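Visitor: I'd like to walk through this one with you, interface by interface. Can we put it on screen and start?

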Amino acid sequence: MTLPENWNELTPDERLQVRLDAWQNIPIEFATPEVAKAYRDRVQLYRDVLELKKPATVPIAPWIGLLPFRFYGHTGKQAYYDYEIFKEDWFRFHEDTRPDGLGLTLGIVPGKLFDILDYHLYDWPGHGTPDDTCYQYSEQEWMKGDEYAALIQDPGSYWQRTYLPRVFGAMEPFSMLAPWTDLVEIPFTAPFFAGFSAPPVKEMLKKLAEAGDAAMEWLQAAMAADGSVMAGLGIPQTAGGATKAPYDILGDTMRGTRGLMLDKFRQPENVKAAMERLVPQAIDWAVRSNNMTGNPLVFIPIHKGADGFMSDADFKELYWPTFKAVLLGLIEQGLVPWVFVEGSYNERLEVIADEEIPAHRMVWMFDATDMARAKAIVGKRQCIGGNVPAALFAMGTPEEMDAYVKDLLGRTAQDGGFILSSGIVLDEADPAVYHAFIEAGRKYGK
Amino acid sequence: MSGGLKEAVIELREEDALRIAGEELQGGTDPLEVVAACREAMDVIGRRFADGEAFIPELIMAGEIMTGITAMLKPYLKADSGGDKLGTVVMCTVQGDIHDIGKDIVVTMLDIAGFNVIDLGVDVPVAKVVETVRENKAQVLGLSGLLTVAFDSMRTTVAAVAEAGLRDDVKIMLGGAPVTDAVVEYAGADAWGKDAVAAVELAKSWVGGAS
């Protein structure tokens, strides 16, 4: 989207309204006027629940992973490598089930791209995990314990010259190049570029160009898949960009869960300083991607602050302050943080209901959290949702699903401010149980 | 023992704990006394975890200290002087799933509690699980998984153990974030534990030592 010229003079609330209007009035060609209206009506559901008003119906926005492909007899490997299957199953699934949100198309990732990049950070079907699974993180200390000073001094240089060469085989030669910040004056330019004459660097640049083409091929497929669902079915996207909590950036894919937990005891000041250094990056990442898509919702999966993963005191002192800074930075830009809280957050509810975060400006989607408490504590200030368990989708009966959704909506959605969703990203569900989920949402969400 | 080791471990003062353990051993303290002090300290940390006063980072840090002290103890201990083992537990993350954090914590806690633990790692083929249970006459099998695909692998693994005629000899416990009673029933396992302390309690309840 193009931001209005007076953007910098607008208040955060005015920016939010500009972004919500742009999302609701997305400039695409809908199949029919009825579909266009259905799209706008669905966006209105989210606008209403965000303001904690009662929507026309409770929006149903499950997190979808490999489920569509399982439904139609395909594997994870086919979803990641065959874009015709990706597009067809994605559309067919949304046509058959008609949810109110189109989430996480980005989660159906391109295998070919990772083959070219020789990506070490994950295994994926066809490359380390069985064909019918989703991608899985390979937990290691990708950032070493003695590298905090380098990260804090210059995150960009650290990423380029140390982290990326470690996690992408194809990018190893980046470690041979000087930081881009050396390029400041004419006499220093030639020495910098001499590095590019090294054969491994030339080979890397070729691979990166190939990777670019592979990424573009996938992006076109993903945009076509999303476009067909939006324009053909009137279902809006529920993720316009993404970011992460600084603690999770460090803990998920840099130091690793174990590494970061030990750092908490061995070098707590470095952990804090690194997280503070990552706050502006985390905000900027979302602002750029959301500006590009014109959709204000920022998908933020959070992991390492869940109940049991740290004490309350550590959550308050270590996890929350920099995450809160990211949330405030996004809200300042008129964006809507849409936090996907994996695991249970029963011990954190009082902290995240923080009164310094403006009310009615973000969404908390829970997994295994007590939803009555979440409603009472967080739900009085912000929209909440989620919670339908993965095990129920995979192993329950339609009757059990109906009863669960009835009870959940009865306890949380009667006065608005609630989004019905799965607790986690769904790779598996009994089709009858999944349909029962949607039907129950329609029946009890009126 | 002149003391201080148990407190240092309980308070997770890594450098102090390692230093004191080293001094004790060099000073001629019976290595089994050092082992006992560590085990007592870990009991306290385990109880704090069960009571919601300690969390996964504390368990991991304690495990790290134990690993350091165990390495120091090796030259002082005869191969079989580690005391009688409570029983043999085979642990793995099931086929198709490569998540290891939870499983690793359970392995450490079982080890410290006095079990002989055989850790098969992650994404473990069903046949390997069956073979290991049989060869080691394991009394307990722990199957871990974070993904919902693990449910089917758990079920297949339990079925294979039964097929091999071993089901009556081994108790099977499940663990992992999405595991519930329904998963235990689906997989045909015996029980599930919500965390490492629960896993140790289950294993103890099955292998003679009351929990």
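Predicted model: local features only at pLDDT ≥ 70, side-chain atom pairs only at ≥ 80, totals over all residues.

Visitor: What is the area buried between chain A and chain B?

Guide: Counting contact as heavy atoms within 4.5 Å, 30 residues of chain A touch 26 residues of chain B. Carbon and sulfur atoms give 69% of the buried area, and the total is about 2,200 Å².

Visitor: Which residue of chain B meets Arg266(A) in a salt bridge?

Guide: A salt bridge here is a side-chain nitrogen of Lys or Arg within 4 Å of a carboxyl oxygen of Asp or Glu. The count between chain A and chain B is 4. In one of them, Arg266(A) sits 2.4 Å, N to O, from its partner, Glu14(B).

Visitor: Which element gives the largest share of the side of chain A that touches chain B?

Guide: Helices (H or I, at least four residues) and strands (E, at least two) are DSSP runs numbered from the N terminus. Strand S3 (136-137), helix H12 (256-266) and helix H17 (390-395) of chain A each give two or more residues to that side. The largest share is 7 residues, and it comes from H12(A).

Visitor: How far apart are the C-alpha centres of domain 1 and domain 2 of chain A?

Guide: The bounds come from an automatic or database domain assignment. For chain A, that gives domain 1 (7-61 + 238-444) and domain 2 (112-235). Their C-alpha centres lie apart by 27 Å.

Visitor: Which residues in domain 1 of chain A lose the most area to domain 2?

Guide: The two domains of chain A bury about 2,000 Å² between them, with 60% of it on carbon and sulfur atoms. On the domain 1 side, three residues together make up 31% of what is buried: Thr253(A), Met254(A) and Arg255(A).

Visitor: Which residue forms a salt bridge with Arg255(A)?

Guide: Across this domain interface the rule finds 1 salt bridge. The closest N and O atoms are 2.8 Å apart, and the partner of Arg255(A) is Glu141(A).

Visitor: Which helix supplies the largest share of the domain 1 side?

Guide: Helix H2 (33-50), helix H11 (246-253), H12 and helix H13 (268-293) of chain A each supply at least two residues there. The largest share, 7 residues, comes from H13(A).

Visitor: In S8(A), what is the bridge partner of Phe366(A)?

Guide: Two strands pair if DSSP finds at least two bridges between them. An open sheet of 6 strands in chain A runs S4-S5-S6-S7-S8-S9 with parallel pairing. Within that order, 4 bridges join strand S7 (residues 363-366) to strand S8 (residues 383-388) of chain A. In S8(A), Phe366(A) is partnered by Gly386(A).

Technical notes: Residues numbered from 1 in each chain as written. Chains lettered and ligands numbered in written order. Heavy atoms only, no water. Buried area = accessible area lost by both parts, 1.4 Å probe.
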